[in-house]
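Student: I would like to learn how to read a fold feature by feature. Can we take one structure and work through it together?

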Amino acid sequence: MAFSAITTTHSPQFLRLPISLPQSSLTFRFSPPNLKCPKPLSIRSVSVPAAPASGSLAPAISLTDNALKHLNKMRSERNEELCLRIGVKQGGCSGMSYTMDFEDRANTRPGDSIIEYEGFEIVCDPKSLLFIFGMQLDYSDALIGGGFSFKNPNATQTCGCGKSFAAEM
C-alpha cells in the first residue's frame, strides 16, 4: 500500500487523510497550535512486503546439498546425537577464523542459536552469529582446493585459504 496526502479534511483536533484502500483513512491527532505551519502537510508512505511465511525464510546459516551430504556422512560415522557447532574466533590471516566441530546436542548453551537445516542441526553462539549471519557452507571433494568453504556475506576481506576473514561491525 502506498499513499500520500492529496486532499485533507480537518477539524480542530483531527487531520484525516484518504488512502487508496476502500473506506480507509489515516487520522492524526494534534493540538491546534501545531497547525501553524507555513507549508502544507504532506505524508508519503510505501509499504514493504511482509516477511514470507516462516517455512520460506532463509536460515541464518545454510548448507549446500554437497555440504549437507558430507556432514551427514561424517556424523553417521560418529554418533547420531551430534550437531555441528559453527563459530568464529580471533586469529587467522585476516583477523578472524571459522571454527567447526561436532558436539553432543546436550552441550548446547542457553544463549545458542539452533538452526535446523533439513533435519541437520547447526548450533552457533550469539557473538559468532553476528559475524556469520547469512553464511552458506559448501563442500567440494576436489583434489586441489577441496573441503569446506564459507560464503559469508559479512566478510569484507578473506584469506586465500578461505578459512579466515575480516568483518566490520
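Student: Which residues do ring pairs link into a cluster?

Tutor: This is a predicted model, so keep that in mind throughout. Ring pairs link Y98, F150 and F165 into a cluster. A search of the whole structure finds three aromatic pairs.

Student: How do I describe one such pair?

Tutor: A pair of aromatic rings is described by the distance of the centres and the angle of the planes. Take Y98 and F150: their centres are 4.0 Å apart, with 10° between the planes, and the pair is stacked. Y98 belongs to strand β8 (residues 96-104) and F150 to strand β12 (residues 147-151), so the pair ties together parts that are 52 residues apart in sequence.

Student: Are Y98 and F150 buried or exposed?

Tutor: Both are buried.

Student: What should I look for in a nonpolar core?

Tutor: In soluble globular proteins, nonpolar side chains tend to be buried together. Here the largest nonpolar core has 27 residues, and I61, L63, I132 and L137 touch the most other members. Strand β7 (residues 82-90) gives the most to this core, with four residues.

Student: Which residues does L137 contact, leaving aside its neighbours within four places in sequence?

Tutor: L137 is in contact with S62, L63, T64, A67, L71, L84, I86, M100, F148, S149 and F150. Note that F150 is also a member of the aromatic cluster.

Student: Now the sheet. What is the strand order in the open sheet of three strands?

Tutor: The order is β6-β11-β12, with mixed pairing. β6 (61-63) and β12 are the edge strands, each pairing on one side only. From one strand to the next, the twist averages 25°.

Student: How many bridges join β6 to β11?

Tutor: Three, and β6 and β11 (residues 135-140) run parallel. For I61, the bridge partner in β11 is M135.

Student: What does α1 touch on the sheet?

Tutor: α1 packs on the sheet and touches β6, β11 and β12. The direction of α1 makes about 70° with that of β11.

Student: How do I read the helix itself?

Tutor: An α-helix has 3.6 residues a turn, so residues three or four places apart point the same way. Helix α1 (residues 65-78) has 14 residues. From first C-alpha to last, α1 reaches 20 Å, close to the 20 Å expected at 1.5 Å a residue.

Student: Which residues of α1 are buried?

Tutor: A67, L68, H70, L71 and R75.

Methods. Residues numbered from 1 in each chain as written. Predicted model: local features only at pLDDT ≥ 70, side-chain atom pairs only at ≥ 80, totals over all residues. Heavy atoms only, no water. Core = buried A, V, L, I, M, F, W, Y, C linked by side-chain atoms within 4.5 Å. Buried < 20%, exposed > 50% of the residue type's maximum accessible area, 1.4 Å probe, protein only. Helix = DSSP H or I, 4+ residues; strand = E, 2+ residues; numbered from the N terminus. Contact = heavy atoms within 4.5 Å. Phe/Tyr/Trp six-rings, centres within 6.5 Å; stacked < 30°, edge-to-face > 60°. Expected span 1.5 Å × (residues − 1). Pairing = 2+ DSSP bridges. Axes fitted to C-alpha atoms, helices over the stretch in contact; angles between N-to-C directions.
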